[in-house]
Amino acid sequence: MAPSRSMYATLATALLAAVDTVNAQQPGTGTPEVHPKLSTYQCTTGGGCVQQDTSVVLDWNYRWIHTKDSNSCTTNSGINATLCPDEATCAQNCVIEGATYASSGIATSGDSMTMNQYVKGADGSPQNASPRVYLLGPDGNYVLMKLLGQELSFEVDLSTLPCGENGALYLSEMDKTGGRNEYNTGGANYGSGYCDAQCPVQTWTNGTLNTAHSGYCCNEMDILEGNAYANAFTPHPCANGDCDKSGCGFNPYAQGYHNYWGPGQTLDTSKPFTVVTQFITNDGTTTGTLSQINRYYVQNGVKLPAAAPGGDVINANACSSAANYDGLANMGAALGRGMVLTFSIWNDAGGNMNWLDSGSNGPCSSTEGNPTNIIANHPDTKVVFRNIRWGDIGSTGTTSGGGGSTTVTSKTTSKPTSSSTSRVTTTPISTTKVTTTTSSKTTTSTAAGPAQSHWGQCGGNGWTGPKVCASPYTCKVQNDWYAQCL
């Protein structure tokens, strides 16, 4: 379950807008958009794991949208209807600024990312950041992970997340361009296009001004929602314009296994561990029907026993309540088409996150998760994600047959994770060779390289994506940080 969007009501929301006479929005020039690099790895059983040229981008609801004379285009209740009565007018009147990632609670180093719930304000007091970011490719589009018949693994440190916090890593079937169009030329580069199974009503729907005030639904697969005391993984399939908002998830505590997850428990959440999720099809291929979702964990190089005697699995029987949404079959179809990897950290002022960690779902009291308690007692709460890998089942470093710890071989040396931003250990758990390469992922300015689409970015300081436009468009410089195909 994704965070309530009401918590962002006072944050600036944005649509890119023109800086010249062209009726197409452009980023502002006050704060350049510089995406923090986050190395990830795509794996095959035959070729090992290849390092990807990836980064993260902050959701555009966290950005400042303003007129050319720096008057805000948003109010406490949302968009300024006078400045933005429709998409074209909003694009003429307003620009959007880049994000300052450190002050938004984001820090990356090599293949590790730390997300902070709170950051220090100008007066030194903790201020709510609660960031949400997406995995971005070198072409300025979101990475579409096609995980049907595949697996996803990552290391995580939840040790500083108390009751009421949610460190989440999940998949959302967003448009890979972020809804890029003539009025939204930044698209995914500025974090646009968010959707999930809660069908949020937002100011923007897939990068377009939402004048109809309609919800925006899409398939969502929650890989991990958790803190140090509880966790769940949950598919939320959609059909006919609606979604299974509750989902058919697996929470060990809710299943009756009260001593599995927590500090000092079977899975010791006071220390980092690896999460492996496998999407099994009926015929063992990447084109079959999703029949089961398997989950297991590795800690200190050892594969842990499952919480449930039959394994921590979600199958068609477990998802019978989702029959109206075609259950696992619809979820699998979305995984086959490709979904966007999303990361967030948040707390729940309305319900104290009780649905995750209180009552029958976890050991926390109904009031422990109140954000007032969290900010008073845990202002340093954070989650760390590291070593994200996806690909063939059994290829990401820890096979279904068990764990093991070996030295990872690589042609390049990753920058070590700073102890100030991560408690994740540097002991590798991979049993597969990693081949780090950049040539296959690096684009060039020659015609032989990939071409950028209409309205897409094709240049600017720090830009590493395509610099050639698809015919008949040409790359035109708009400012030092942005050039686009027009």
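Buried means under 20% relative accessible area, exposed over 50%, and partly exposed in between, with a 1.4 Å probe and protein chains only. The model is predicted: local features need pLDDT of at least 70, side-chain atom pairs count only at pLDDT 80 or more, and totals for chains, interfaces and linings use all residues. Residues are numbered from 1 along each chain as its sequence is written, and side-chain values use heavy atoms, with hydrogens and water left out.

**Exercise 1. Describe the disulfide of C84 and C90.**

Step 1. A disulfide is taken as a pair of cysteine sulfur atoms within 2.5 Å. The structure holds 8 disulfides.

Step 2. C84 is joined to C90 with an S to S distance of 2.1 Å.

Step 3. The angle about the S-S bond is 55°, and the link of C84 and C90 is right-handed.

Step 4. Both C84 and C90 are buried.

**Exercise 2. Find which parts the disulfide of C73 and C94 ties together.**

Step 1. The sulfur atoms of C73 and C94 are 2.1 Å apart and form a disulfide. The link of C73 and C94 is left-handed, with -100° about the S-S bond.

Step 2. C73 sits in the loop between β4 (65-67) and β5 (74-75), and C94 in strand β7 (residues 94-96), so the pair ties together parts that are 21 residues apart in sequence. Strands (E, at least two residues) and helices (H or I, at least four) are DSSP runs, numbered from the N terminus.

Step 3. C73 has 0% relative accessibility and counts as buried; C94, at 0%, also counts as buried.

**Exercise 3. Work out the surroundings of T381.**

Step 1. T381 lies in the loop between α4 (371-377) and β29 (382-392).

Step 2. The relative accessible area of T381 is 0%, so T381 is buried.

Step 3. Contact means heavy atoms within 4.5 Å. Leaving aside neighbours within four places in sequence, T381 is in contact with residues including N116, Y118, T160, E165 and I374.

Step 4. A polar atom of the T381 side chain lies 2.8 Å from the backbone oxygen of T160.

Key. A polar contact is a pair of N or O atoms within 3.5 Å; within protein, one must be able to donate a hydrogen and the other to accept it, and residues adjacent in sequence count only if both atoms are side-chain atoms.
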